[in-house]
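Let's take a walk through this structure together, beginning with a single residue and widening the view as we go. Have the sequence and the model at hand.

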Amino acid sequence: MQKTKMILATAKRYSPHIAAAFLILLLTFLVYARDLEILINEALNTEAFSHILLIPLLLGFLFYHKKDVFKASLALDKLQKHSKTKFVNELIGLSLCLVAFLLYWYGSYTFYPLEYHLLSLPIFVAGVALILFNLKTLKIAIFPILFLFFLIPLPNEVMYTLGGTLANFNTQASYALLKPLGLPVTLSTSY
């Protein structure tokens with residue numbers, strides 16, 4: 001009973017910040033709903049993109065891991081007087097949202113619209129976080145926000161080139177490790 005009262009008191013004290021975090025999630029899902037739907041479908045059907053299914057869980061863990069630092073930053077923000085920096089934060093946040101919108105719009109007219117749309121996602125989230133919170137909170141959350149770049153699927157040409165290079169390196173490293181051990185291995189570079 002006592003623990004429930006304490007949780008409710010904490011939730012009441014941080015209710016504006018909880019609402020702001022919920023607003024960030026809601027805006028992100030409203031703007032990027034179609035792109036996220038395509039991305040989830042690709043992740044479920046393509047083995048190369050299956051890592052995308054783990055990214056929301058990792059983001060949740062990263063934000064949960066920093067929850068105490070968020071609380072301290074928000075408490076410090078309440079103690080400090082709001083000055084001109086609040087308007088600067090909002091102006092920079094609006095600028096970031098505008099850049100994200102322009103990138104999203106430009107990407108809609110290219111051959112890789114999903115990649116451009118998802119490239120604008122971290123910029124948009126950073127802008128909205130800066131508008132709703134402050135620069136200190138954004139600095140704390142910058143690593144999880146930058147982690148959103150892992151949602152961007154690489155084009156097939158890049159994946160095949162990287163895969164071939166990695167396979168070649170793996171073969172040469174295996175040969176270099178097994179040959180000095182006296183094992184009967186040969187390396188052929190012909191296709």
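Start with Lys71, which counts as partly exposed because its relative accessibility is 35%, a value between the 20% under which a residue is buried and the 50% over which it is exposed. Keep in mind as you look that this is a predicted model. You will find Lys71 in helix 5, the helix that spans residues 67-79. From there, look along to Asn89, 18 residues away in the chain: the C-alpha atoms of Lys71 and Asn89 are separated by 19 Å.

Now move to the start of the chain. Met1 sits in the segment before helix 1 (2-13). With a relative accessibility of 77%, Met1 counts as exposed.

Let's step back to the whole chain. How many helices and strands does the secondary structure come to? There are 9 helices and 0 strands, so the pattern read along the sequence is α-α-α-α-α-α-α-α-α. The radius of gyration is 23 Å, well over the 16 Å that the globule rule gives for 191 residues, so the chain is more spread out than a compact globule. Along the principal axes, the C-alpha atoms fill a box of roughly 70 × 45 × 35 Å.

Of the 191 residues in the chain, 28% are buried. The accessible surface comes to about 13600 Å², and carbon and sulfur atoms hold 72% of that area. Among contacts with a separation of 6 or more, 73% are between residues 24 or more positions apart. As for charge, the chain has 15 positive and 9 negative charges, and their mean positions lie 21 Å apart.

Which residues of helix 4 (residues 55-65) are buried? They are Ile55, Leu59 and Leu62. These residues cover an arc of only 65 degrees around the axis, which means that they are on the same side of helix 4.

Key:
Residues numbered from 1 in each chain as written. Predicted model: local features only at pLDDT ≥ 70, side-chain atom pairs only at ≥ 80, totals over all residues. Heavy atoms only, no water. Helix = DSSP H or I, 4+ residues; strand = E, 2+ residues; numbered from the N terminus. Rg over C-alpha atoms; globule rule 2.2 N^0.38 Å. Buried < 20%, exposed > 50% of the residue type's maximum accessible area, 1.4 Å probe, protein only. Contact = heavy atoms within 4.5 Å. Areas by Shrake-Rupley, 256 points an atom, 1.4 Å probe, with all protein chains shown as cover. Lys, Arg positive; Asp, Glu negative; His and termini not counted. Charge placed at Lys NZ, Arg CZ, Asp CG, Glu CD. Arc of directions from axis to C-beta.
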